[in-house]
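Here is my note on this chain, point by point. Please read it with the structure open.

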Amino acid sequence: MTDPDEAAISGVLRELSDLVGFAAALELSNRWGGRALYIPTPERLPDDHPIVQTIGRRRALLLCEVYRGGTAHIPLAADVHKARRNRQIRHDYRQGMHPNEIALNHGLTPRQVRNIVAGEF
């Protein structure tokens with residue numbers, strides 16, 4: 001595990017991460033998070049399939065071997081995205097960026113930014 005967020009994941013996202021890698025699991029979550037995703041059998045996986053286009057053929061085949069024409073319920077991974085956003089906000093603040101500017105960049109209020117920097121989120 002090289003990503004600091006990888007240790008905190010669990011459930012289906014952990015299973016996907018163990019199978020196809022953390023980055024690929026997040027890509028699946030970014031594209032299909034919160035939805036059920038049909039995963040074909042390996043024999044029925046064309047090169048232009050959306051899963052192949054998202055995580056690559058090798059990783060897509062790993063999914064197909066496990067799910068074999070079944071459905072995977074892809075989680076949102078909102079906690080991972082929020083933790084990454086908050087780390088970026090803290091970094092920007094330490095680099096001297098004004099809370100108003102940080103807030104605009106992230107679609108937050110300056111008060112939310114100050115709370116994040118203070119460690120309340």
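1. I begin with one residue. Ala72 and Ile39 sit 33 residues apart along the chain, yet their C-alpha atoms are separated by 7.1 Å. Setting aside neighbours within four places in sequence, Ala72 is in contact with Arg35, Ala36, Leu37, Ile39 and Tyr67. Ala72 belongs to strand 2. Is Ala72 buried or exposed? Ala72 counts as buried because its relative accessibility is 2%, and the cut-off for buried is under 20%. Bear in mind throughout that this is a predicted model.

2. Next, the overall layout. The chain holds seven helices and two strands. Their order along the sequence is α-α-β-α-α-β-α-α-α. The C-alpha trace spans about 55 × 25 × 20 Å along its principal axes. The radius of gyration is 18 Å, whereas a compact globule of 121 residues would have one near 14 Å.

3. Of the 121 residues, 36% are buried. Among contacts with a separation of 6 or more, 59% join residues 24 or more positions apart. The chain exposes about 7300 Å², and carbon and sulfur atoms supply 50% of that area. There are 16 positive and 14 negative charges, and their mean positions lie 4 Å apart.

4. Which residues have the most contacts inside the largest nonpolar core? They are Leu28, Ile39, Ile51, Ile55, Leu63, Ile74 and Val80, in a core of 23 residues. At least two residues of this core come from each of helix 1 (11-20), helix 2 (22-32), helix 3 (50-55), helix 4 (57-67) and strand 2 (71-74). Helix 2 gives the largest share, six residues. There is also a second, separate core of six residues, with Ile102, Ala103, Leu108 and Val113 among them. As background, nonpolar side chains in soluble globular proteins tend to be buried together.

5. Ile51 lies in helix 3. Ile51 counts as buried because its relative accessibility is 1%. Not counting residues up to four places away in sequence, Ile51 touches Trp32, Leu37, Tyr38, Ile39, Pro40, Gly56, Ala60 and Leu63.

6. Most residues other than glycine have a negative phi. Arg68 is not a glycine, but its phi is positive, about 40 degrees. Arg68 is found in the loop between helix 4 and strand 2. With 41% relative accessibility, Arg68 counts as partly exposed. Ala77 is not a glycine either, and its phi is positive at about 60 degrees. Ala77 lies in the loop between strand 2 and helix 5. Is Ala77 buried or exposed? At 11% relative accessibility, Ala77 counts as buried.

7. Last, helix 7. Pro110 lies in this helix, which covers residues 110-117. Pro110 is partly exposed, with a relative accessible area of 26%. Leaving aside neighbours within four places in sequence, Pro110 is in contact with Pro99, Asn100 and Ala103. One of these, Ala103, is also in the second core. Pro110 and His98 are twelve residues apart in sequence, and their C-alpha atoms are 8.9 Å apart in space.

Definitions and conventions
Residues numbered from 1 in each chain as written. Predicted model: local features only at pLDDT ≥ 70, side-chain atom pairs only at ≥ 80, totals over all residues. Heavy atoms only, no water. Helix = DSSP H or I, 4+ residues; strand = E, 2+ residues; numbered from the N terminus. Rg over C-alpha atoms; globule rule 2.2 N^0.38 Å. Buried < 20%, exposed > 50% of the residue type's maximum accessible area, 1.4 Å probe, protein only. Contact = heavy atoms within 4.5 Å. Areas by Shrake-Rupley, 256 points an atom, 1.4 Å probe, with all protein chains shown as cover. Lys, Arg positive; Asp, Glu negative; His and termini not counted. Charge placed at Lys NZ, Arg CZ, Asp CG, Glu CD. Core = buried A, V, L, I, M, F, W, Y, C linked by side-chain atoms within 4.5 Å.
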